[in-house]
Amino acid sequence: MKKTIIAALAAALIAFSCSYSGPSKTVLEAPTKADSSYAFGVAVGSSLKDTKVAIDFGAFLQGIKDSMNKPEAKLSLDDANTVIQA
């Protein structure tokens, strides 16, 4: 279950982290897309770090991009979960 949550968080991280340019200058402003994306990245990165899983970031990013931009990724979600849990 924990690996499934990590996989979902990782997918979201890649989807939203491509163009972060730093936090907003004023704390009172609503968070920008970049702010939210970076915060999500910190959360996913922390989760991945705690699992001690070795990540190939190129493949990791490609998996996120494929799952978001293609009708079908190279692996189904069930197959991905099987790999993660192996």
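By the rule used here (a side-chain nitrogen of Lys or Arg within 4 Å of a carboxyl oxygen of Asp or Glu), the count comes to one salt bridge. Let's start the tour there, after a word on what you have open. This is a predicted model, in which local features need pLDDT of at least 70, side-chain atom pairs count only at pLDDT 80 or more, and totals for chains, interfaces and linings use all residues. Residues are numbered from 1 along each chain as its sequence is written, and side-chain values use heavy atoms, with hydrogens and water left out.

**Stop 1: the salt bridge**

Select D66 and K70. These two form the salt bridge, and their closest N and O atoms are 3.5 Å apart. Is D66 buried or exposed? D66 is buried, at 5% relative accessibility, while K70 is partly exposed at 46%. Buried means under 20% relative accessible area, exposed means over 50%, and partly exposed is in between (1.4 Å probe, protein chains only).

**Stop 2: A73**

Leaving aside neighbours within four places in sequence, A73 is in contact with D66 and S67; contact means heavy atoms within 4.5 Å. You will find A73 in the loop between α3 and α4 (77-85), partly exposed with a relative accessible area of 29%.

**Stop 3: two rings**

The structure holds one aromatic pair.

An α-helix has 3.6 residues a turn, so residues three or four places apart point the same way. Compare their exposure: F57 is exposed, with a relative accessible area of 56%, whereas F60 is buried at 15%.

**Stop 4**

Select residues 33-51, which make up helix α2. How far apart are the end C-alpha atoms of α2? They are 27 Å apart, which agrees with the 27 Å that its 19 residues should span at 1.5 Å a residue. The expected span is 1.5 Å times one less than the number of residues. Colour the buried residues of α2: A34, D35, S37, G41, V44 and L48.

Just after α2 comes K52, in the loop between α2 and α3. The phi of K52 is near 65 degrees, a positive value in a residue other than glycine. K52 is also exposed, with a relative accessible area of 72%.

**Stop 4: the whole chain**

Zoom out and switch to a cartoon view. The chain has four helices and zero strands, where helices (H or I, at least four residues) and strands (E, at least two) are DSSP runs numbered from the N terminus. Of its 86 residues, 20% count as buried. Among contacts between residues at least 6 apart in sequence, 62% join residues at least 24 apart.

Finally, colour by pLDDT, the predictor's confidence in each residue, from 0 to 100. The mean for the chain is 79, and 67% of its residues reach 70 or more. Where is confidence lowest, and where is it highest? Look at helix α1 (residues 2-16) for the lowest, a mean of 58, and at α4 for the highest, at 90.

Notes
Phe/Tyr/Trp six-rings, centres within 6.5 Å; stacked < 30°, edge-to-face > 60°.
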